[in-house]
Amino acid sequence: MSAFSKISRNFEAFLIEIGELSYFAGNFFKELFKTPFEGKELLRQCYNMGNRSLLLVGVTGFIIGLVFDLQSRPTLQEFGAVSWMPSMISISIIREIGPIITSLICAGRIGSGIGAELGSMRVTEQIDAMDVSGTNPFKYLVVTRILATTLMLPLLVLFGDAIALYGSFLVENLKGNVSFQLYFNQVFEALKFSDLVPATIKSFFFGFAIGLVGCYKGYYCKKGTAGVGLAANSAVVYTSMLLFIIDFVAVFVTDIFYHE
Amino acid sequence: MMTTTSNTPIIEIRNLKKSYGSNCVLDGFNLTLKEGENLVVMGKSGSGKSVMIKCLIGLEQADSGSITVMGKDVMALEKDELDDLRTEIGFLFQGSALYDSMSVRENLEFPLRRHTKKFGIIEDTTPLVMEALKNVGLESAVDLMPSELSGGMKRRVALARTLILKPKIILYDEPTTGLDPITSKEIILLMQSIQKEYKTSSIIITHDVDCARVIANKMILLVDGINYAEGTFKELSESKDPKVAAFFK
């Protein structure tokens, strides 16, 4: 097989995958408003994805805030601009670092978890068992999970942002003797509505992407137990790629609406 | 096995064909199941037995042919109509396919709570759950998780989950595979007693000759994608055809 035909086959497979993923997303919206609403399962998934990610998101956010401040401090010091630190950190974290880092962490934890869970349910015929009992596995397994990630991720991002800012405050407090009140006054003075809203909106899309890709990879998992590993792995890889694409589009759109 | 069967066909499969790429699995398979009958389908591994019952329940799409279940053309049904029909058909999976994140009780409640059209809204499912578990002799396992059950217990719980919807037809996909001989015998006896109590019609996919001997009213040998031989257990077990005799050695 020539290199050209290999590339063209891979490209064709990629386009088919995009098509199938879009169809899967379409099914999500079609099923979203159908009864039964599976509220109990939705709450269970929100708890699993939200509450159980708090520690990971919190620790990561804290370290990011801490390290970000420590790394930026010497440069700002050179220009005598250390007082700008809270503003710089808050804008960077709220607009970009918080949402993207939290989403990448959740893609690893939640996306791979969904891929592996649904994948193993597929290969052990549990999804088929739901299907043959005349129930709707898509509604129960997929809709609830995508909805849970979409709802929980913005909350996790806000939580991660707050912890990251606190991490940065600790450095400022230890190194610059800046008080809590002064630090956060500067933070809120620097932040605008146009910083928080687009970041929160894009977090919804990030959450949707994590749930969608994880569910898609797991729901259509093939090739036995090896397929489960592959589903979990490709869920993370595809989601990470998708997160950056969404981020690029979100920044582009935000720039048009708010800054031009 | 002595059971009361009527002449009304409850399932009819005609000229069923199914291929995966160039691999032809079913090449014009036919089957008729009458009410109250236990039909055993035997065949080598990979001969298309499981594919056949998956086409029958709508889990796989056949390439051509017709499948009629209780007078309805399965291949022409809309998703909602198919789901309604599926409440009349129980399916016992080879690996039991219990939902491993749910307890035994939740496994049984799961289909029950979602079929409000057939059962209405059930406030307290406990009596129905306990009745189904009593029929398989596992009332004590109601609050256990699937990971705490043995292979035989899992098979029984899966059977209870099937029975809770009070199906008219039960499809068994290798019900005794992977079980020790004593547990296999228990499962076969359980299938018999369920058939008597619930007056179900069954298609049983199996390699287990003992299971076929005990339970079959009629048997089909599936070879090369077609009904190679049909008859009662006695007729087939006495056949001189080497391909048929090979199953009974």
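Helices here are DSSP runs of H or I with at least four residues, and strands are runs of E with at least two. With that in hand, let's work through this predicted model.

**Exercise 1.** Find how much of residues 196-216 of chain A is helix, and how far apart the end C-alpha atoms are.

*Solution.* Start with the record: an unreviewed UniProt entry lists residues 49-68, 146-169, 196-216 and 228-253 of chain A under "transmembrane region". Next, look at residues 196-216 of chain A: the chain there is 100% helix and 0% strand, with its end C-alpha atoms 30 Å apart. Then try residues 49-68 of chain A, a span that is 80% helix and 0% strand, with 27 Å between the end C-alpha atoms.

**Exercise 2.** Work out which way the residues of strand β6 (residues 89-92) of chain B point.

*Solution.* B:I89 and B:F91 point one way, B:G90 and B:L92 the other, and all are buried. Then find the partner strand: β6(B) pairs with strand β7 (residues 169-173) of chain B in the parallel sense, over four bridges. Within β7(B), B:Y172 is the bridge partner of B:L92.

Technical notes
Residues numbered from 1 in each chain as written. Chains lettered and ligands numbered in written order. Predicted model: local features only at pLDDT ≥ 70, side-chain atom pairs only at ≥ 80, totals over all residues. UniProt positions renumbered as here; feature names shortened; annotations may be inferred. Buried ≥ 20, exposed ≤ 12 C-beta atoms within 10 Å, placed from the backbone. Pairing = 2+ DSSP bridges.
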